[in-house]
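Hi everyone, thanks for coming. I'd like to walk you through one protein today, piece by piece, so please have a look at it with me.

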Amino acid sequence: MTTNNKAERQIEVLLTCDEDVILARQKIRTLSTEIGFGMLDQTRIVTAASELARNIIVHAGRGKVVAESLAPRPGVRVLFIDQGPGIRDLDTVMQEGYSSVGSLGMGLKGAKRLVDEFDIKTQAGAGTTITIVKWLPTD
């Protein structure tokens, strides 16, 4: 990941239940709007964030989302942090259509396609941190 921009505004949401995922989605959409993202890119960011936040609830039970606006290059960086079991086989999990719980979710690979930068740090028994970045398009 190559993000070296400073964080300007930051929000944090603790994730313990489905309602927290909804709250995180709302706050990330608001932040994306403030940065100047159009509706399509807002939807991409929020969809990826929803998938990743939901994964925390399902697989780790609890965690947090930290979203921040970036400058001087405008963008949004969102971190998904948990202290769950970690991801044992990252290559398998990143395959198209993979679901460990039989869901129809888009999975990590689908979330990755929606953003400009995607990074996973995971360790068995120590949790996972996923960082996504979406840059504001320059027209």
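Let's begin with a turn. β4 and β5 form a hairpin with three residues between them, and Gly125 in that turn has a positive phi of about 80 degrees. Strand β4 covers residues 117-123 and β5 covers residues 127-135. The two pair in the antiparallel sense over seven bridges, where pairing requires that DSSP finds at least two bridges between the strands. Within this pair, Asp119 stands opposite Thr131 of β5.

A quick word on the source: this is a predicted model, so local features need pLDDT of at least 70 and side-chain atom pairs count only at pLDDT 80 or more, while totals for chains, interfaces and linings use all residues. Residues are numbered from 1 along each chain as its sequence is written, and side-chain values use heavy atoms, with hydrogens and water left out.

Now the overview. The protein has four helices and five strands, and from the N terminus on they run β-α-α-β-β-α-α-β-β. Of its 139 residues, 46% count as buried. Buried means under 20% relative accessible area, exposed means over 50%, and partly exposed lies in between, using a 1.4 Å probe and protein chains only.

Next, helix α1. This helix, residues 18-35, has 18 residues and reaches 26 Å from its first C-alpha to its last. That is close to the 26 Å expected at 1.5 Å a residue, the expected span being 1.5 Å times one less than the number of residues. Which residues of α1 are buried? They are Asp20, Val21, Ala24, Ile28, Leu31, Ser32 and Ile35. Seen down the helix axis, these buried residues fall within an arc of 105 degrees, so they line one face of α1; the arc is that of the directions from the axis to the C-beta atoms. Just after the helix, Gly36 takes a positive phi of about 115 degrees.

On to the inside. A nonpolar core is a set of buried Ala, Val, Leu, Ile, Met, Phe, Trp, Tyr and Cys residues joined through side-chain atoms within 4.5 Å. The largest one has 31 residues, and Leu15, Ile28, Phe80, Phe118 and Ile132 touch the most other members. Elements giving two or more residues to this core include β1, α1, β3 and β5. Which element gives the most? That is α2, with eight residues. As for Leu15, its contacts beyond four places in sequence include Val21, Ala24, Ile56 and Val65.

Now for charges. Side chains of opposite charge can pair when their charged atoms come close. A salt bridge here is a side-chain nitrogen of Lys or Arg within 4 Å of a carboxyl oxygen of Asp or Glu, and by this rule the count comes to eight. One of them joins Glu34 and Arg9, with the closest N and O atoms 2.8 Å apart. Glu34 is in helix α1 and Arg9 in strand β1, 25 residues apart. Another joins Glu12 and Lys64, at 3.8 Å between the closest N and O atoms. Glu12 lies in β1 and Lys64 in β2, so this pair ties together parts 52 residues apart in sequence. Is Lys134 buried or exposed? Lys134 is buried, with a relative accessible area of 9%, whereas Asp116 is partly exposed at 43%. Their side chains meet in a salt bridge of 3.5 Å, N to O, and Asp41, Arg44, Asp116 and Lys134 are linked in a network of salt bridges.

Glu8 is found in β1, residues 6-15, and is exposed, with a relative accessible area of 60%. Glu8 and Ser69 are 61 residues apart in sequence, yet 5.4 Å apart in space, C-alpha to C-alpha. Beyond four places in sequence, Glu8 touches Ser69, Leu70 and Ala71. From Ala71 to Pro72 the peptide bond is cis, with omega near 10 degrees, and Pro72 is found in the loop between β2 and β3. For context, most peptide bonds are trans.

How values were computed. Contact means heavy atoms within 4.5 Å.
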